[in-house]
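Colleague: I am new to this structure and would like to learn how to read its features one at a time. Could you take me through them?

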Amino acid sequence: MHDSGHEENVLELTQLRRSFDQGRSFVVDGVSFSVARGTIVALVGINGAGKTTTVKMCGTLLAPTEGSVVVAGVDAVKNPEKARAHIGMVLGVERGFYPRASVRDNLRFFADLAAVSYREQAGEIARVLECVGLRDKENKKVQELSHGQKQRLHIARALLGSPELILLDEPTSGLDPDVAVTIRTLMRRVADQGAAILLTSHSMMEVSELADHIVVLNRGKVLVQGSERDIFNFAQLDQVLSFSLVPTHEHELEQLTTVLEFFGLVSVTSQGAAWKVTVYLPDGVDKHALPSIEGAVLRPATLEDAFLALAEKTA
Ligand SMILES: Nc1ncnc2c1ncn2[C@@H]1O[C@H](COP(=O)(O)OP(=O)(O)OP(=O)(O)O)[C@@H](O)[C@H]1O
């Protein structure tokens, strides 16, 4: 199935737009990016940025208002069924399986849908269950599985028939950390075997670990896309200064933030009787000139910080 060059784009979005109010506003507004074979692209953005709507359009579950989606060379807007044959997806995990039927029977049903021939089904089901570490649950009823096991079963379903494109909306949300690690390892392995993966995630740690390319959405538009370094550069971020403050006089917080704004973007959130102050410091700031503040911690910025700084900037 995977017979052409490594750089081939399995998914290409061009100027994708979607309105839910007859064109008065667009929740996805001119989004373009691509996902190459063997790579993982993460779509991130604060709530309501348009991530799920974008992924649904990639999966042919929602028609774009404008723009194009091409999956494995197939125009997915004109030929959604043909495109779907190349897609495995996990979008929302509460529904989808027959709870009283066994894991194997459920996967047989989906193997049929994924056009896996009857002769190959037993082997394919064993393969995908092995991939997600559920081989010993083949005869269990789905309703007897834990939340994490069901999540892994959804991923197993998406792998049936080895689709070239895998779409995952929040694949590890609500999972125990150890199960999330298993799933992340699995995603990397599936990509290394040649699949193109598009995922959404609220976990910047996950994105940092997995994504080869990051697309940051903001109110339906691509704010920035590229490597982790590109996101840092765009957010103009190097280090982060943070501390808690219980003001001793009325204007203390205001005075301090006015001084700190000279150095970088300042975010203030309440923490009971205290205020948590975070200062996002760009490259080149003279750290020695910073006011000395009791309990302040200066540390290198993480992707989470870059993301929060961008969210703060665009709020
Ligand atoms: N079927 C719909 N009808 C009307 N508005 C919708 C519909 N689906 C989504 N929206 C709106 O589109 C916007 C983007 O939603 P979407 O779910 O794509 O965002 P998201 O980035 O995935 O958010 P979250 O991180 O909260 O999952 C939101 O304002 C949402 O209310």
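Modeller: Gladly, and please keep in mind that this is a predicted model. Let us begin with a contact inside the protein, where the side chain of Ser-162 makes a polar contact with the side chain of Arg-127, at 3.2 Å.

Colleague: Where is the place of Ser-162 in the chain?

Modeller: Ser-162 sits in the loop that runs between helix H5 (147-159) and strand E7 (165-169). In space, its C-alpha is 9.5 Å from the C-alpha of Gly-194, although Ser-162 and Gly-194 are 32 residues apart in sequence.

Colleague: Why does Ser-162 count as partly exposed?

Modeller: Partly exposed is the class between buried, which is under 20% relative accessible area, and exposed, which is over 50%. Ser-162 has 31% relative accessibility, and therefore counts as partly exposed.

Colleague: Turning to the ligand, which residues are around it?

Modeller: The residues around the ligand include Phe-20, Val-27 and His-202, as well as Asn-47, Gly-48, Ala-49, Gly-50, Lys-51, Thr-52 and Thr-53. By class, this shell divides into 3 nonpolar, 6 polar and 1 charged.

Colleague: Which polar side-chain atoms lie at a stated distance from an oxygen atom of the ligand?

Modeller: A polar side-chain atom of Thr-52 lies 2.7 Å from a ligand oxygen, and one of Thr-53 lies 2.5 Å from an oxygen atom of the ligand. For His-202, an N or O atom in the side chain is 3.2 Å from an oxygen atom of the ligand. As for cover, the ligand on its own has 640 Å² of accessible area, of which the protein covers 54%.

Terms used. Residues numbered from 1 in each chain as written. Predicted model: local features only at pLDDT ≥ 70, side-chain atom pairs only at ≥ 80, totals over all residues. Heavy atoms only, no water. Near = heavy atom within 4 Å. Polar contact = N/O pair within 3.5 Å; in protein donor to acceptor, adjacent residues only side chain to side chain. Areas by Shrake-Rupley, 256 points an atom, 1.4 Å probe, with all protein chains shown as cover. Nonpolar A, V, L, I, M, F, W, Y, C, P; charged D, E, K, R; others polar. Helix = DSSP H or I, 4+ residues; strand = E, 2+ residues; numbered from the N terminus. Buried < 20%, exposed > 50% of the residue type's maximum accessible area, 1.4 Å probe, protein only.
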